[in-house]
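Work through the exercises below with the sequence and the model side by side. Each task is followed by a solution in steps.

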Amino acid sequence: MNRYPIAVAGLERSLPICPVNETLSIGAFVIFGDAPLTQACAAALLEKAPDYDYLLTAEAKGIPLAHEMARQRGDAHYFVARKKPKLYMTEVFHVSVRSITTQGEQSLYLDAADARLMQGKRILLVDDVVSTGESLAAIEELARRAGGLVCGKMAILAEGDAQRRQDVVYLEKLPLFNPDGTIKE
């Protein structure tokens with residue numbers, strides 16, 4: 001399997017290059033189980049973060065990042081847009097999203113209790129990797145419906161066209177790849 005070396009937040013990692021379809025492969029960046037990387041990325045993003053009241057991320061890979069950012073800053077709470085409604089969630093609302101790493105359309109759900117806490121507050125959107133921007137757009141819509149004021153968008157990596165976005169703060173660039181593992185031009 002081809003691999004892509006990357007340095008982010010002062011740490012080096014080697015990402016496996018995984019096929020998405022017959023014409024596109026991506027470098028699989030996974031922070032699950034990599035506490036040193038999660039801690040370093042959280043600290044680096046907090047240095048660049050605007051003032052905010054709460055963090056909001058999408059389930060699942062953004063959770064350790066949001067948790068670590070909240071822990072380092074001493075925040076009491078952050079929010080997770082869930083992939084499925086849970087029994088404890090009430091008055092659930094959702095938006096649909098199509099992500100490059102998930103086959104087909106999925107939905108992200110927010111609980112009305114979380115929405116009440118977000119109302120009128122500055123919400124910072126965070127994710128591990130932004131590529132198409134669909135996940136960020138979905139959680140931005142959830143924050144808007146909750147009455148939150150999106151004050152910024154952050155990701156560890158920007159992939160492909162997302163590298164040209166001016167509305168997302170990120171730490172490093174991640175190229176897209178051809179099926180043979182070479183970087184797409």
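**Exercise 1: a helix on a sheet**

Task: State which strands helix H4 lies across, and the angle at which it runs to E8.

Solution. Helix H4 (residues 134–146) lies across strand E4 (54–58), E5, strand E8 (122–130) and E9. Its direction is at about 165 degrees to E8; axes are lines fitted to C-alpha atoms, for helices over the stretch in contact, and angles run from 0 to 180 degrees between N-to-C directions. Contact means heavy atoms within 4.5 Å. Helices (H or I, at least four residues) and strands (E, at least two) are DSSP runs, numbered from the N terminus.

The model is predicted: local features need pLDDT of at least 70, side-chain atom pairs count only at pLDDT 80 or more, and totals for chains, interfaces and linings use all residues. Residues are numbered from 1 along each chain as its sequence is written, and side-chain values use heavy atoms, with hydrogens and water left out.

**Exercise 2: the sheet**

Task: Give the strand order of the open sheet of five strands.

Solution. Step one: the order is E5-E4-E8-E9-E10, with parallel pairing. Two strands pair if DSSP finds at least two bridges between them. Step two: strand E5 (79–81) and E10 are the edge strands, each pairing on one side only. Step three: from one strand to the next the twist averages 25 degrees. Step four: E9 and E10 run parallel and are joined by five bridges; alanine 155 has tyrosine 170 in E10 as its bridge partner.

**Exercise 3: helix H1**

Task: Explain why the end-to-end distance of helix H1 agrees with its number of residues, then find which of its residues are buried.

Solution. Step one: H1 (residues 35–48) has 14 residues and should span 20 Å at 1.5 Å a residue; its end C-alpha atoms are 20 Å apart, so the two agree. The expected span is 1.5 Å times one less than the number of residues. Step two: at the N-terminal end, aspartate 34 is the cap, with a side-chain oxygen 3.2 Å from the backbone nitrogen of leucine 37. Step three: Leu37, Thr38, Cys41, Ala42, Ala44 and Leu45 are buried (buried means under 20% relative accessible area, exposed over 50%, partly exposed in between, with a 1.4 Å probe and protein chains only). Step four: their cover includes strand E1 (3–8), strand E2 (11–19), helix H2 (63–73), strand E9 (149–159) and strand E10 (169–174).

**Exercise 4: strand E7**

Task: Decide whether strand E7 is enclosed or open to solvent, and list its side-chain directions.

Solution. Step one: five of the five residues of E7 (residues 106–110) are buried, so the strand is largely enclosed by the rest of the structure. Step two: Gln106, Leu108 and Leu110 point one way, while Ser107 and Tyr109 point the other way. Step three: strand E6 (residues 93–97) runs antiparallel to E7, with five bridges between them, and serine 96 stands opposite serine 107.

**Exercise 5: backbone exceptions**

Task: Locate a cis peptide bond and a positive phi in a residue other than glycine.

Solution. Most residues other than glycine have a negative phi, and most peptide bonds are trans. Step one: the cis bond joins glutamate 59 and alanine 60, with omega about 20 degrees; alanine 60 is in the loop between E4 and H2. Step two: alanine 9 has phi near 55 degrees. Alanine 9 belongs to the loop between E1 and E2, and at 29% relative accessibility it counts as partly exposed.

How values were computed: A polar contact is a pair of N or O atoms within 3.5 Å; within protein, one must be able to donate a hydrogen and the other to accept it, and residues adjacent in sequence count only if both atoms are side-chain atoms.
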